[in-house]
Structure formats: structure tokens, C-alpha cells
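Trainee: Could you take me through one part of this model up close, and then show me what else the side chains are up to? Please keep it simple, I'm new to this.

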Amino acid sequence: MLLEMNAIPEFVKCLTYKDVDTQLSAARAIGNFAMDSYGRQKLFESKAMAPLVAQLEAKDENGKDAIEPRRAAILAIGKCASDRSSAVELCDIGALSKLLSLMDTHWKQLGQAAEDAVERLLQKSQSAKLWLRGEVDFEDRTSDGWFDMGVGRPYTSLTDLQKETINTNREVLLADASQDNRLKQLVEEVKGECASLGLTQIILDKRDIASTDIKKKCVVKIAEILSQRLGGSILYDKYMDFGYSTEIQRCKQLRKSNVVWVGDLKKAGCRHRAFLFKYLCDLVLPYLCRLERTKIERGAHVGHAWNVVKFFGDVDQEGQQKTYTVDLMHNVGSLYENGTDFNPADEWAAKYQRKDVYHFISLG
């Protein structure tokens with residue numbers, strides 16, 4: 001009833017009052033509105049997100065921190081994050097950064113609530129998850145508008161990133177086939193090739209040997225198409241000679257932005273290929289691909305990324321799920337077993353991921 005009476009703006013206004021009880025009641029009401037998709041849509045349309053984020057710094061009439069109104073705002077944000085559009089906007093307007101700071105607060109009632117709200121935001125905003133965690137998991141399905149802003153910088157909205165002055169040291173990757181015609185063509189090519197290999201929804205739902213074989217062939221085909229599109233393969237110890245930085249700068253100039261549309265790329269390295277591979281797999285082989293990025297922050301391997309795939313029903317002799325690292329750069333299409341408790345990992349898995357001893361070996 002209150003939603004139909006356009007009451008949301010009034011509750012939003014109450015968030016700005018100095019009286020703590022009024023703030024608290026308003027934040028709780030907004031949280032109740034966010035319980036279902038219709039209410040969340042109304043909150044989104046009413047532009048209630050920004051005032052709600054501001055409530056994370058709520059003060060009382062004496063200028064002291066208002067703990068309970070802040071906690072109510074955190075809980076409301078967690079509910080709003082159930083929709084992707086709301087989660088993305090919340091991250092864009094600073095909710096993620098503020099919640100991360102509240103996770104470390106000495107007020108336990110805020111810290112745990114903030115941690116839960118962050119998890120909800122990351123479930124719906126894969127761009128934010130990649131920024132914060134350096135990984136996007138199997139169940140995290142990317143979609144148009146997904147971007148990778150790289151490492152070592154504060155989280156920034158795509159809109160703001162697109163407005164930044166071109167910087168040779170700044171490189172943001174964007175996958176959006178709704179705007180990027182070359183990417184749209186690539187998506188159609190991948191879908192067509194996978195269909196020709198026998199991939200159907202029925203095959204996707206199966207877990208037998210025959211269906212797993214088709215899925216593996218599709219992974220290899222996507223890897224081959226992607227490699228051909230992005231400059232081909234190169235020997236492992238010659239990677240530094242691949243020389244794709246000029247191509248990155250060309251794409252920036254093409255769009256007059258630090259944001260590189262992946263469809264524009266004609267030559268690219270491991271990070272770019274891993275980003276695009278995850279996007280493509282999520283379209284044709286959902287829930288089977290993971291993107292991981294190295295945790296190191298300096299040296300030749302900063303930003304290095306790779307993909308891990310799995311196939312349901314593909315297990316070892318003890319029933320443990322097998323996973324594979326996909327080679328998109330050197331022996332393109334090769335799947336390196338990551339190992340289980342009973343099966344040793346393929347040496348090339350750590351080698352491609354630049355882990356363990358390979359962490360200290362120069363890309364050159």
C-alpha cells in the first residue's frame with residue numbers, strides 16, 4: 001500500500017533527520033520495501049540508493065556516530081543487493097568502499113552486518129568481485145557491462161572510468177556485446193561453433209562421458225577462436241616478445257578512453273584473454289568457468305590471469321571434482337589438470353598460472 005502511495009521519498013527524507021529514532025525507523029522501512037523485487041525496483045526508481053549509502057555515516061543530534069541507524073542501513077543495502085542493477089549502482093556510489101571500512105570497525109554489530117552486505121554485493125557485481133578478490137568463480141555469471149579495472153586502484157564506477165583522461169598506465173577492460181559490435185559477432189561465432197559440435201541445453205544438463213567430451217571440445221574451440229582473434233600463440237619463454245602494448249594504446253585512442261572494448265582488440269595477452277574467455281564461457285557454458293588473477297602487486301607478473309574449467313561428472317577415482325587450467329596463450333586449447341587429493345597436478349598448470357617456483361621466473 002505504501003509503495004503505491006509513493007511513500008518512498010518521504011522515508012528517504014527521514015534518513016536526513018537528526019533524531020536517531022526517526023533515522024532508524026526510516027532505514028528499517030526502506031529495508032522492508034526491499035524484501036521483494038517489486039519493492040527493490042521502486043527503491044531504484046526513486047533514487048533511494050544514494051541516501052541509503054549516506055546513512056552508513058549517520059550521526060545523532062549531537063554529532064556522534066549513530067550505530068543502530070547505520071546497522072539498519074547496512075541491512076537494507078544487503079536486501080537491495082539482491083538485484084544486479086541495484087548492486088552495481090550501490091558499488092558505483094561508494095557502498096562497497098564504506099562497507100569494507102565498517103567491516104574493520106570495533107563495533108561488532110556493524111562489522112558482521114557489513115561483511116554480510118559485502119558478500120551480497122559481490123554475488124551480483126562480478127566487476128566488484130574481480131576488483132576485490134582477484135577472482136570470479138564458477139557460479140558467478142558475467143554479463144554485458146562487466147569490466148576489469150586492474151589492480152592497485154580504488155574501486156571506480158564504469159561511468160567515471162570512461163570520463164578519465166587517457167593515461168598510458170591506465171587500462172580498463174570492458175565486455176558489452178550490446179554496444180560492441182565486434183564482440184557481438186564473436187559471441188555469435190562462438191555460439192555457432194559450439195552448436196556445430198553438438199552443444200545443446202540437454203547436453204549442458206547431462207553429466208555423462210559423452211556430454212563432458214562435447215563440453216571439452218567446446219572449451220578448446222573457444223580457446224582457439226579467441227587466440228586466432230587476439231594474435232595467435234607464442235612460446236612460453238618468448239611471452240615478453242609478444243608486444244601487445246601498442247595494440248592496447250590503439251584501442252584507447254579509438255574510443256578516446258582508458259576503457260578498452262575487448263571486441264576492438266586484435267592482439268592481447270593472458271589477462272585480456274582470460275577476461276574474454278570467462279565472458280564467452282558464461283554465455284555458452286554457464287557455471288563451468290572460473291577466472292583467477294595473481295595476487296602479486298609488483299614485478300613481471302602483475303595482473304596475470306588465467307581460467308579454470310570443470311565439467312560436472314568429471315571426477316577422479318574417489319569422486320573428487322577435476323578442474324583444468326586452460327591454455328589460451330602458448331599450447332592453445334590444452335587443458336592442464338590442477339590435481340586432486342589422489343591425482344597429481346600437471347606441471348603446466350602451475351607453470352601457466354605463474355605459481356610456486358614459476359612466480360620467480362621472468363615472463364621473458
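**A tyrosine, some rings and a helix**

Mentor: Let's start with Y17, which counts as partly exposed at 37% relative accessibility. On that scale, buried is under 20% relative accessible area, exposed is over 50%, and partly exposed is in between (1.4 Å probe, protein chains only). Bear in mind that this is a predicted model, so local features need pLDDT of at least 70 and side-chain atom pairs count only at pLDDT 80 or more, while totals for chains, interfaces and linings use all residues. Residues are numbered from 1 along each chain as its sequence is written, and side-chain values use heavy atoms, with hydrogens and water left out.

So where does Y17 sit? You'll find Y17 in the loop between helix 1 (8–14) and helix 2 (20–33); helices (H or I, at least four residues) and strands (E, at least two) are DSSP runs, numbered from the N terminus. Leaving aside residues up to four places away in sequence, Y17 touches T22 and Q23, where contact means heavy atoms within 4.5 Å. From the C-alpha of Y17 to that of L52 is 13 Å, and the two residues are 35 apart along the chain.

Now for rings. Rings of Phe, Tyr and Trp (its six-membered ring) pair if their centres lie within 6.5 Å; planes under 30 degrees apart are stacked, over 60 edge-to-face, and the rest tilted. That rule gives 8 aromatic pairs. One of them is F147 with Y155, a tilted pair with 6.2 Å between centres and 35° between planes. F147 is buried, at 4%, and so is Y155, at 10%. Another is Y236 with W348: their centres are 5.3 Å apart and their planes at 80°, so this pair is edge-to-face. Because Y236 is in the loop between helix 13 (209–229) and helix 14 (245–255) while W348 is in helix 16 (residues 347–353), the pair ties together parts 112 residues apart in sequence. W348 also has K351 over its face, 4.3 Å from the ring centre; that requires NZ of Lys or CZ of Arg within 6 Å of the centre and within 35 degrees of the ring normal.

Last stop, helix 14. Here E247, I248, C251 and K252 are buried. Viewed down the helix axis, the buried residues fall within an arc of 145°, so they line one face of helix 14; the arc is that of the directions from the axis to the C-beta atoms. They pack against strand 4 (259–261) and helix 15 (270–284).
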